[in-house]
Amino acid sequence: MSNSYIFRYAAILVVLVAVILSSAAMILKPLQDKNIAIAKMRGILEACNLHPTADDAVQMYEQFISREVVINPQGEEISIYDVKSKEFVLGTTRAFEVDLKTQLKHKSAGEDYILPLYDFVSQNDTLLVIPVHGRGLWGPIYGNIALKTDRNTIGGARFFHDKETPGLGAEIDQYWFSDQFKGKQIFDGSGKFVSVRPIKGGAGKLPESQRIHGVDAVSGGTITSNGLGTTIDHVLGSYVVYLTK
Amino acid sequence: MQESINIFVKSIFIDNMIFAYFLGMCSYLAVSKSVKTAVGLGIAVIFVQVITVPVNYLLNKYMLTPGALTWISPRLADVDLNFLSFIMFIAVIASMVQLVEMIIEKFSPALYNSLGIFLPLIAVNCAILGGSLFMQEWEFENFGQTVAFGLGSGTGWALAIIAIAAIREKIRYSDIPKPLRGLGISFILTGLMAIAFMSFLGIKI
Amino acid sequence: MKSQQKEKESLFSPRYRKLISNPLSLENPITVQVLGICSALAVTTKLKPAFVMALSVTVVVALANVVISLLRNGIPSRIRIIVQLTVVAALVILVDQVLKAFVYDVSKQLSVFVGLIITNCILMGRLEAFAMANKPWPAFLDGIGNGLGYSWILIALGFFRELFGNGTLWGYRIIPQSFYEAGYFNNGLLILPPAALILVGTIIWIQRSRNKNLIEEY
């Protein structure tokens, strides 16, 4: 077989494969995006102590999330989207479409950034949901923290970590862990921001007055626990201007 | 720097390619009958892993992730080539293996004679592609970390195959139930070694 | 006309049926040929991902076998391996995209292991050994057979590991709460990676004690 045949063969194969793959990617993209959106909605609702399934997540989201708000570094609301009427009250950016990871990167690079948050209203609860994003040792940690109307006490939280040592390792996506956050406070008595962090060996190790700012860390996942602590500190810290307004 | 060392240690002992993820089991079981060949294959894997993981990291960062192409033109910010990552990674691995083979052959015939036969085997070793895919999944932050991860995961794999080869050499003289000989006992031994390796989970890093 | 009919009749002739049944036991890709365990053991902690993984591998092996078998007379032998890799990688990407679109939860659990089907040794093994030398239909059957032989081991592992390690099957609780109250505990070891290896070892042991031909001399 001649070289030119090999080249022609390879070229045709590459073009064919490229066409098939890109059309498949294009056709399936809307479905994939929808799945990602549903996962994000579930994360937000789970932080508000609801348990939506993949099927009713969208409906529950529209029922309970009243507003999506985008704020700037000065803590000013620059965009408000009313979920029920599907209309913008202010600005043109939906918080749901803001990628927190990218914005945090902008922040650490010293560039301009925006931050998303969500208003949750149900019969029993009115919560302000703040998304968080950061790193464990292996892979990203993400989740949501819901604050009560005093903008200090945590009403619910939920975290995810895609990759961990199977079985053991940090189980920060377990409910026993995230449920500990309920009732903890992110500001101290004098109104100073102190965040909430996982404490190795248990929150009981802290002095009495500090216990309201700590939860039990997961065993065997020191780095992930520390990573989560830093993440919460870092991300909530960015919202402090807004929260104290 | 400290982060890189953590990743290095963790990828050898805790997230060991064989004991935690079972990657590269085919060659692990097929080429572990003698320590000498196991050492050869182990070194070749470390070698290829250290090269392919960082190269694929660059490829991923500057080509495949959504918006990665902005360095060519800002208009390409919406392009998402992520669906091509499998095919790109395997292409890089196959060509890197070929390249490494040619370079070694040219500059160090002695090394080529001892490693040469293993190199083609490596292109389809799951541990190599696995390393690159984990690199993408775990979103390492910089080049140094990917080198640390490549070195660590390769070393972990080499350690595993050398250890099992040593055990299999000795076990020749043991009286194992007949149906368990060969493959069966190798699996069970690997399982026991994996349990032993789990004790490393306690390392505080 | 007559010959065509003959060919059709022979679609499931004994020889072809063997292509499917042999890999299930005598030539099982995992327990006898030691091929392709890499990409699979890590996802057998639960039945559902194990099942989806098994299905994906079967689909990819069967289709890759057919494609390569159709191309077999045209492939330049010097770039044979690359062509095979390209076809396999393209199929795996398709499977990955479909999983992400239709069973997102499972695709998250499978994470990188779908991609690792590319380097699954069963694939290259079957392509080289069978598809390059056979017509599409037998190649397809061979792919299905090997895929199934691989699948039953994965599913068996997923079954045992989820049932005894977690007390559930397919996510539904099987072992009733009253058992736990009576002092029953889930066997946490089964969820951990080493258990998968020991279980595979045990399956091989059982299979070989029933079929002495398979016994190895060290």
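Two residues are in contact when heavy atoms of theirs lie within 4.5 Å of each other. Keep that in mind on this tour of a predicted model.

**Stop 1: a tyrosine in chain C**

Select C:Tyr184. Which residues does C:Tyr184 touch, leaving aside its neighbours within four places in sequence? Show C:Phe164, C:Ile175 and C:Phe179: these are its contacts beyond that local stretch.

Now look at where C:Tyr184 sits. Its place is the loop between α9 (177-181) and α10 (193-210) of chain C. Is C:Tyr184 buried or partly exposed? Its relative accessibility is 26%, so C:Tyr184 counts as partly exposed; buried would need a value under 20%.

C:Leu24 and C:Tyr184 are 160 residues apart along the chain. Draw a line between their C-alpha atoms, and the separation is 35 Å.

**Stop 2: two helices of chain C**

Stay in chain C. Select residues 14-21, which form helix α2, and residues 136-166, which form helix α8. Two packed helices are described by the angle between their axes and the distance between the axes. Here the angle is about 30°, and the axes are 7 Å apart. How are α2(C) and α8(C) oriented to each other? Angles under 35 degrees count as roughly parallel, so α2(C) and α8(C) are roughly parallel to each other.

Show the side chains where the two helices meet. On the α2(C) side, pick C:Tyr16, C:Leu19 and C:Ile20. They meet a set of residues in α8(C), among them C:Trp137, C:Pro138 and C:Leu141. C:Asp142, C:Ile144 and C:Gly145 of α8(C) also belong to this meeting.

**Stop 3: chain B as a whole**

Hide the side chains and colour chain B by secondary structure. How many helices and strands does chain B have? It has nine helices and zero strands. Read along the sequence, the pattern is α-α-α-α-α-α-α-α-α.

Along its principal axes, the C-alpha trace of chain B spans about 70 × 45 × 30 Å. Chain B has 205 residues, and 56% of them count as buried. Consider the contacts in chain B with a separation of 6 or more: residues 24 or more positions apart account for 76% of them.

**Stop 4: aromatic rings**

Over all chains, the count comes to 28 aromatic pairs. For an example, select A:Trp176 and A:Phe177. Their ring centres are 5.9 Å apart and their planes stand at 85°, so the pair is edge-to-face. Check the surroundings of each partner. A:Trp176 is partly exposed, with a relative accessible area of 43%. A:Phe177 counts as buried, at 0% relative accessibility.

**Stop 5: charges over rings in chain A**

Select A:Lys40 and A:Phe96. The charged end of A:Lys40 sits over the ring of A:Phe96, 4.9 Å from the ring centre. Next, select A:Arg158 and A:Tyr175. A:Arg158 lies over the face of A:Tyr175, at 4.0 Å from the ring centre.

**Stop 6**

Zoom out to chain A. It holds five helices and nine strands. In sequence order they run α-α-β-β-β-α-β-β-β-β-α-β-β-α. The C-alpha atoms fill a box of roughly 80 × 45 × 40 Å along the principal axes. Of the 245 residues in chain A, 50% are buried.

Select A:Asn49, in the loop between α1 (3-47) and α2 (57-64) of chain A. Its phi is near 65°, a positive value in a residue other than glycine. A:Asn49 counts as partly exposed, at 30% relative accessibility.

Move to A:Lys86, in the loop between β2 (77-82) and β3 (87-90) of chain A. A:Lys86 is not a glycine either, yet its phi is positive, at about 55°.

**Stop 7: cysteines**

A disulfide is a covalent bond between the sulfur atoms of two cysteines. How many are there over all chains? A search of the whole structure finds zero. Finish with two cysteines. A:Cys48 counts as buried, at 3% relative accessibility. B:Cys126 counts as buried too, at 1%.

Definitions and conventions:
Residues numbered from 1 in each chain as written. Chains lettered and ligands numbered in written order. Heavy atoms only, no water. Phe/Tyr/Trp six-rings, centres within 6.5 Å; stacked < 30°, edge-to-face > 60°. Buried < 20%, exposed > 50% of the residue type's maximum accessible area, 1.4 Å probe, protein only. Lys NZ or Arg CZ within 6 Å of the ring centre and 35° of its normal. Disulfide = S-S within 2.5 Å. Axes fitted to C-alpha atoms, helices over the stretch in contact; angles between N-to-C directions. Helix = DSSP H or I, 4+ residues; strand = E, 2+ residues; numbered from the N terminus. Parallel < 35°, antiparallel > 145°, perpendicular 65-115°, else oblique.
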